[in-house]
Amino acid sequence: MTDMFVSLGTWNWLIFGFVLMALEVLAPGIFLFWLGLAALLVGLISFAVGISWQIQLVMFAIFAAAAVPVWRRLARPKPDASASPFLNKRSEALLGREFTLEKPIVDGSGTMRIGDTVWRVAGPDTPAGTRVKVVQVDGANLTVAAA
């Protein structure tokens with residue numbers, strides 16, 4: 001067993017790296033890719049610098065362990081806030097917009113249909129057919145004023 005480690009050379013690391021990357025193609029999961037990359041790095045470094053097999057194994061372990069946070073950082077999707085700033089905040093998207101009341105606001109409260117949703121609205125008594133502007137949002141409650 002010791003002879004196998006003593007004979008660890010540059011070509012062994014490069015072959016091991018390519019084999020791991022080829023296995024990644026057969027069983028995708030991005031895990032073997034990083035181990036293969038670590039083996040390739042050890043092989044390339046051992047080409048340039050003649051190092052012992054103990055240091056090669058330590059370098060492989062360090063590169064493989066360092067690949068985990070690098071992979072997590074690269075694999076994390078970057079949220080694009082400009083694409084949908086009101087995602088999961090439908091009521092905030094209504095702030096400042098104008099709508100026509102289908103039903104009147106009586107005694108300071110009523111309902112208004114916006115798209116396929118019926119919203120509770122609060123504001124001054126207003127007859128149906130009046131244009132109103134959303135001036136405040138509190139959860140599913142909209143406060144409106146005459147537009």
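Biologist: Why is Ile15 called exposed in this predicted model?

Modeller: Ile15, which lies in helix 2, has a relative accessibility of 53%, and because exposed means over 50%, Ile15 counts as exposed.

Biologist: What makes the nonpolar surface patch, and which residues belong to it?

Modeller: The patch, of about 770 Å², is made by Trp11, Ile15, Val19, Leu23, Leu26, Leu44 and Phe47. Helix 2 and helix 3 (31–48) are the elements that give two or more residues to this patch, and the largest share, five residues, comes from helix 2.

Biologist: How do you know that Glu98 and Arg131 form a salt bridge?

Modeller: Their side chains meet at 3.8 Å, N to O, and because a salt bridge asks for a side-chain nitrogen of Lys or Arg within 4 Å of a carboxyl oxygen of Asp or Glu, the pair of Glu98 and Arg131 qualifies as a salt bridge. The structure holds one salt bridge. Glu98 lies in strand 1 and Arg131 in strand 4 (residues 131–138), so the pair ties together parts that are 33 residues apart in sequence.

Biologist: What makes the positive surface patch, and why is its member Lys78 called exposed?

Modeller: The positive patch is formed by Arg72, Arg73, Arg76 and Lys78. Lys78 lies in the loop between helix 4 (53–75) and helix 5 (90–93), and because its relative accessible area of 66% is set against a limit of over 50%, Lys78 counts as exposed.

Biologist: What is noted about the phi of Asp107, and why is Asp107 called exposed?

Modeller: Asp107 has a positive phi of about 55° although this residue is not a glycine, and Asp107 is found in the loop between strand 1 (98–100) and strand 2 (109–114). Because exposed means over 50%, the relative accessible area of 71% makes Asp107 exposed.

Terms used:
Residues are numbered from 1 along each chain as its sequence is written. This is a predicted model: local features need pLDDT of at least 70, side-chain atom pairs count only at pLDDT 80 or more; totals for chains, interfaces and linings use all residues. Side-chain values use heavy atoms; hydrogens and water are left out. Helices (H or I, at least four residues) and strands (E, at least two) are DSSP runs, numbered from the N terminus. Buried means under 20% relative accessible area, exposed over 50%, partly exposed in between (1.4 Å probe, protein chains only). Patches are made of residues with over 30% relative accessible area and no salt bridge: like charges are joined within 9 Å, nonpolar side chains (Val, Leu, Ile, Met, Phe, Trp, Tyr) within 5 Å. Accessible areas come from the Shrake-Rupley method with a 1.4 Å probe; for residues, only the protein chains shown count as cover. Lys and Arg count as positive and Asp and Glu as negative; His and the chain ends are not counted. The place of a charge is taken as NZ of Lys, CZ of Arg, CG of Asp or CD of Glu.
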